[in-house]
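Please read it with the sequence and the coordinates open.

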Amino acid sequence: MEVPILKQGDVLIATFQAALSDADLSQLRSGLVQQVVRFRSRGVIVDVTAMDVMDSFASRTLREIAHMIRLRGAETVIVGIQPEVAFAMVQLGLTLEGVATALDLEEGLNYLNQKFKRMK
Amino acid sequence: MTKRESSAEATESKLREEPSELLRELVAHLRQNRTQLREEWVARISETRLLTAMTKEEIFAEATSVYDSYVEALETETFEALQAYARNLSERIIPRGVETHEVVGIVLLLRDVLARSLFAKYQTDFKKLNRILDAYEPAANRIANTVAVGFVQERERVIRQQQEAIRELSTPVLQVRERLLILPIIGVIDPQRARQLTEQLLRGIRTNRAKVVVIDITGVAAMDATVANHLVQTVEASRLLGANVIVTGLSPEIAQTLVTIGIDLGKMNTVGDLQGGIEQAERLLGYKVMALGEAEPN
């Protein structure tokens with residue numbers, strides 16, 4: 001199942017619908033990295049609210065997405081990690097180091113807008 | 001041959017009947033001497049300084065009902081009523097600080113007082129005394145057992161109830177400003193409580209849409225490596241939900257533990273005391289707090 005990528009002003013939003021296969025995740029990664037330059041986006045939000053399991057591949061992919069997009073000149077925020085998922089991830093040592101996180105989509109947009117304001 | 005057999009059978013059946021008959025005799029004796037034996041018992045109780053938490057009158061009143069249920073249990077050889085009474089009594093006296101050894105002590109005293117009175121009554125007929133004691137002792141022991149077990153069970157129930165209450169009270173997640181939560185932790189943290197704290201905090205972050213959380217551990221004297229690790233994991237999990245965690249009030253011992261297990265301090269935002277933690281949280285949230293006099297006139 002492909003992840004739709006929405007464009008909202010300066011920001012790209014990718015929302016995970018449910019559990020994704022590793023192939024879908026890789027596809028999302030290349031899709032986002034391509035589109036962020038094509039649309040000249042300054043921020044990317046990845047919404048994982050619907051994910052109730054986060055394995056090591058998924059969390060590594062999320063980290064890679066964030067780091068690659070930074071290299072392409074934009075910011076990434078991961079939003080909507082569930083409390084239980086967050087604690088399970090930490091116990092497995094998957095802490096998404098160096099990646100910005102926010103409570104939900106709204107918070108993620110706030111975070112990016114503040115960041116953009118500071119850059120101006 | 002047949003004669004001897006039948007006579008043996010007769011003695012046997014007589015013996016089989018005897019315990020209940022003896023018990024009946026025993027109960028009659030105890031009823032007859034109720035006042036005297038009860039007073040003797042109460043005297044022995046105050047002599048041995050048991051039940052110091054209760055007044056003399058209370059002891060006498062309780063002793064009377066214990067005595068009557070005791071005799072009733074001997075008579076009917078059913079222990080349900082006594083069990084219920086023991087539980088009820090325990091419920092009343094546990095909050096007043098009566099200890100297990102006292103309850104067991106008074107029941108054993110009663111047993112001794114009654115046994116003495118039997119010795120006195122049957123001192124001339126040793127065989128009869130023996131038989132009476134054979135009937136009396138198992139029943140008396142069972143009564144003592146029933147009362148002691150009832151007391152301990154009641155105590156355990158109270159302890160369980162209190163543990164539950166403590167667990168519920170022990171993890172408040174408080175909102176002090178919009179998007180700012182405080183989690184004061186007091187007392188000993190065991191792994192189970194640590195887990196519960198984490199769950200409540202993460203849920204609290206979500207429902208209050210918190211951006212900053214101050215975890216105050218001034219009231220925690222020490223924690224072992226497992227719990228310290230758990231604390232660090234809680235901090236990281238909160239970050240995944242988009243909340244900043246500030247830990248305040250680390251005692252020297254806890255600081256030592258964290259250093260020993262090699263915590264990456266870059267991940268932990270620590271401030272000396274709760275006040276400093278709240279001030280830093282306000283800065284992070286963009287608040288500026290000042291006294292009214294300091295505010296610039298518009």
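Which residues in α5(B) meet which residues in α6(B)?

1. Basis. This is a predicted model, in which local features need pLDDT of at least 70 and side-chain atom pairs count only at pLDDT 80 or more, while totals for chains, interfaces and linings use all residues. Residues are numbered from 1 along each chain as its sequence is written, and chains are lettered from A and ligands numbered from 1 in the order in which they are written.

2. The α5/α6 pair of chain B. To take up the opening question, Thr100(B), Val103(B), Val104(B), Val107(B), Leu108(B), Arg111(B), Leu118(B) and Phe119(B) are the residues in α5(B). They meet Leu129(B), Ile132(B), Leu133(B), Tyr136(B), Ala140(B), Ala144(B), Val147(B), Ala148(B), Phe151(B), Val152(B) and Arg155(B) in α6(B). Contact here requires C-beta atoms, placed from the backbone, within 7 Å. Helices (H or I, at least four residues) and strands (E, at least two) are DSSP runs numbered from the N terminus. By class, the contact of α5(B) with α6(B) has 16 nonpolar, one polar and two charged residues. Ala, Val, Leu, Ile, Met, Phe, Trp, Tyr, Cys and Pro count as nonpolar, Asp, Glu, Lys and Arg as charged, and the others, Gly among them, as polar.

3. Geometry of that pair. Helix α5 of chain B (residues 100-121) and helix α6 of chain B (residues 126-169) pack at an angle of about 165°, with axes 10 Å apart. The two are therefore roughly antiparallel. For this, angles under 35 degrees count as roughly parallel, over 145 as roughly antiparallel, 65 to 115 as roughly perpendicular and the rest as oblique. Axes are lines fitted to C-alpha atoms, for helices over the stretch in contact, and angles run from 0 to 180 degrees between N-to-C directions. The crossing of α5(B) and α6(B) is right-handed; a crossing is so called if the near helix is turned clockwise from the far one by less than a right angle, and left-handed if anticlockwise.

4. The interface. On the side of chain A, 13 residues are in contact with 12 residues of chain B. In chain A, α3 (83-91) and β5 (100-102) are the elements that give two or more residues to this side. The most come from α3(A), with six residues. The chain A side has nine nonpolar, three polar and one charged residues.

5. Pro83(A), Ala86(A) and Phe87(A) of α3(A) make the contact with Thr198(B), Leu202(B), Arg203(B) and Arg206(B) of α7(B). These residues divide into four nonpolar, one polar and two charged.

6. Cores. A nonpolar core is a set of buried Ala, Val, Leu, Ile, Met, Phe, Trp, Tyr and Cys residues joined through C-beta atoms within 7 Å. A residue is buried if 20 or more other C-beta atoms, placed from the backbone, lie within 10 Å of its own, exposed if 12 or fewer, and partly exposed in between. In the largest core, of 67 residues, Val44(A), Ile78(A), Ala86(A), Val213(B) and Leu241(B) touch the most other members. Another core, of 33 residues, lies apart from it and includes Leu30(B), Val103(B), Val147(B) and Phe151(B).

7. Positive phi. Arg40(A) is not a glycine, yet has a positive phi near 50°. Arg40(A) sits in the loop between α1 (22-38) and β3 (43-47) of chain A and is exposed, with 9 other C-beta atoms within 10 Å. Arg209(B) likewise has a positive phi near 50°. Its place is the loop between α7 and β3 (212-219) of chain B, and Arg209(B) is partly exposed, with 17 other C-beta atoms within 10 Å. For reference, most residues other than glycine have a negative phi.

8. Chain totals. Chain A has four helices and five strands, and 38% of its 120 residues are buried. Chain B has 10 helices and five strands, with 29% of its 298 residues buried.

Notes. Two residues are in contact if their C-beta atoms, placed from the backbone, lie within 7 Å.
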